[in-house]
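The following questions and answers concern a single protein model. Please examine the sequence and the structure shown here before reading on.

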Amino acid sequence: CNYRIEMANLLENITERLEIQLATLKHVGKKRFEHKLSAFLKSACCELEEAVNWLKPTKPPTAPPSLSNALDNLLSEHRHCQLLAAIKELGSIGDSLSLVRLKDPSKVTRNHADYLMECRNVVAMIRQLAIEPQNSVPDAIIWMLCDNKRVAYHRIPSHHLMYSTRPECRGRMCGRVQTFFLKPPPLAKEEDLE
């Protein structure tokens, strides 16, 4: 089941990096916007191409044949097709950006906000691909106890903690010291107390 979580972590890590880059693009001035956006598009396409190369359309990466099932194969094919579509969409954004650089006013129909919105839509689609429907590893829960009563907790999704030999497939909290803000557990209903 580790191969399932590795692919989910890979896609999630890619989307987090792309979202950070998009957030910095929002604050770039008009003069440097085209240059920064083209650099973003190139790096995004490179990262997605690496994910496509790692993901085979017929079977999940590093999956033992006895462990992969029909859903794994369908999800792998779906992710492969969607990642190729995302690369194509980012390429079309880059092509229209090159028209802006040529200063051909008759063919320019988008402004900076439109470019950012299209890029956000592609990143949101990639984030949807990162969801793993067959994650069977339970989440980790940190409880704070006081007089043998649970007074606060924090829940951590298991894939955020998973280790992988490939650094880009590790969970975002793997091997890092973290600070968690605990929240109180939900109150028990009166019916449950009786």
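Q: What share of the residues in the protein chain is buried?
A: Burial here means under 20% relative accessible area, with exposed over 50% and partly exposed in between, for a 1.4 Å probe and protein chains only. In the protein chain of 194 residues, the buried share is 35%.

Q: On what kind of model do these values rest, and how are residues numbered?
A: Residues are numbered from 1 along each chain as its sequence is written, and side-chain values use heavy atoms, leaving out hydrogens and water. Local features need pLDDT of at least 70, side-chain atom pairs count only at pLDDT 80 or more, and totals for chains, interfaces and linings use all residues, since this is a predicted model.

Q: How are H1 and H2 oriented: roughly parallel or roughly antiparallel?
A: Axes are lines fitted to C-alpha atoms, for helices over the stretch in contact, with angles from 0 to 180 degrees between N-to-C directions. The axes of H1 and H2 come within 11 Å and cross at roughly 180 degrees. Angles under 35 degrees count as roughly parallel, over 145 as roughly antiparallel, 65 to 115 as roughly perpendicular and the rest as oblique; H1 is therefore, relative to H2, roughly antiparallel.

Q: Which residues does Val 28 contact, leaving aside its neighbours within four places in sequence?
A: Val 28 sits in the loop between helix H1 (2-26) and helix H2 (30-54). Its relative accessible area is 22%, so Val 28 is partly exposed. With contact meaning heavy atoms within 4.5 Å, and those neighbours set aside, Val 28 touches Phe 33 and Lys 36.

Q: Why is the pair of Trp 143 and Tyr 153 classed as it is?
A: Rings of Phe, Tyr and Trp (its six-membered ring) pair if their centres lie within 6.5 Å; planes under 30 degrees apart count as stacked, over 60 as edge-to-face and the rest as tilted. The structure holds 1 aromatic pair. The ring centres of Trp 143 and Tyr 153 are 5.2 Å apart and their planes lie at 35 degrees, so the pair is tilted.

Q: Is Tyr 153 buried or exposed?
A: Tyr 153 has a relative accessible area of 17%, and therefore counts as buried.

How values were computed:
Helices (H or I, at least four residues) and strands (E, at least two) are DSSP runs, numbered from the N terminus.
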